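Here are my notes on the model you sent.

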Amino acid sequence: QVQLVESGGGLVQAGGSLRLSCAASGRTFSGYIMGWFRQAPGKEREFVAAMTWNSGNTYYSDSVKGRFTISRDNARNTVYLQMNNLKPEDTAVYYCAARYYTTSYYDYWGQGTQVTVSS
């Protein structure tokens, strides 16, 4: 059974940094794309960043490009989201997700971790 468990959220002042972790278990993730999404109150869930597990190719939304970095530790089966220069508009619940590279939808999701950025 696939499990994605996020951690690392919290309260930080604007301009600060946080690192989110997503511990993945239950299968090998070779061939998978690991993604981070977020959902702010009253808004739809939006894409933040993604990484192909095998090649390490990365993708970012325009709103976080240059501030956030997605990475992985193969030995730990963990994906990270380093968030720098945080802004109040980054406040949201952040979710880790996974999909096989041939599918168009993410079929595994974590429970989410809250990130709150104060001004």
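**Notes on the predicted model**

1. The count comes to 5 salt bridges, a salt bridge being a side-chain nitrogen of Lys or Arg within 4 Å of a carboxyl oxygen of Asp or Glu. This is a predicted model, in which local features need pLDDT of at least 70 and side-chain atom pairs count only at pLDDT 80 or more, while totals for chains, interfaces and linings use all residues. Residues are numbered from 1 along each chain as its sequence is written, and side-chain values use heavy atoms, with hydrogens and water left out.

2. One of the salt bridges joins Asp90 to Arg38, with the closest N and O atoms 2.9 Å apart. Asp90 is in the loop between strand 8 and strand 9 and Arg38 is in strand 4, so the pair ties together parts that are 52 residues apart in sequence. Strands here are DSSP runs (E, at least two residues), numbered from the N terminus. Asp90 has 0% relative accessibility and counts as buried; Arg38, at 5%, also counts as buried. The cut-offs are under 20% relative accessible area for buried, over 50% for exposed and in between for partly exposed (1.4 Å probe, protein chains only). Arg38 and Asp90 belong to a network of salt bridges that also links Glu46 and Arg67.

3. Two other salt bridges can be listed briefly. Asp73 and Arg76 meet at 3.4 Å, N to O; Asp73 is partly exposed at 22%, whereas Arg76 is exposed at 61%. Lys65 pairs with Asp62, the closest N and O atoms being 3.3 Å apart, and Asp62 is exposed at 68% relative accessibility.

4. Which residues touch the most other members of the largest nonpolar core? They are Phe29, Met34, Trp36, Leu81, Met83 and Tyr94, out of 29 residues in that core. A nonpolar core is a set of buried Ala, Val, Leu, Ile, Met, Phe, Trp, Tyr and Cys residues joined through side-chain atoms within 4.5 Å. Elements that give two or more residues to this core include strand 3 (18–25), strand 4 (32–39), strand 8 (78–83) and strand 9 (92–100). A second, separate core of 5 residues includes Ile33, Phe37, Ala50 and Tyr106.

5. Leaving aside neighbours within four places in sequence, Met83 is in contact (heavy atoms within 4.5 Å) with residues including Leu18, Leu20, Phe68, Tyr94 and Val115. Arg67 is also among the contacts of Met83.

6. Strand 5 has 5 of its 7 residues buried, so it is largely enclosed by the rest of the structure. Strand 5 runs antiparallel to strand 4, with 6 bridges joining them; two strands pair if DSSP finds at least two bridges between them. Phe37 stands opposite Phe47 in strand 5. The hairpin of strand 4 and strand 5 has 6 residues between the strands, and Gly42 there takes a positive phi near 75°.

7. Strand 5 is also joined to strand 6 (residues 58–60) by 3 bridges, again antiparallel. Met51 has Thr58 in strand 6 as its bridge partner. This hairpin has 5 residues between its strands, and Gly56 in the turn has a positive phi of about 80°.

8. An open sheet of 4 strands has the order 1-3-8-7, with antiparallel pairing. Strand 1 (3–7) and strand 7 are at the edges with a single partner strand each, so one side of each is left without a neighbour in the sheet. Strand 3 and strand 8 are joined by 6 bridges, and Arg19 stands opposite Gln82 in strand 8.
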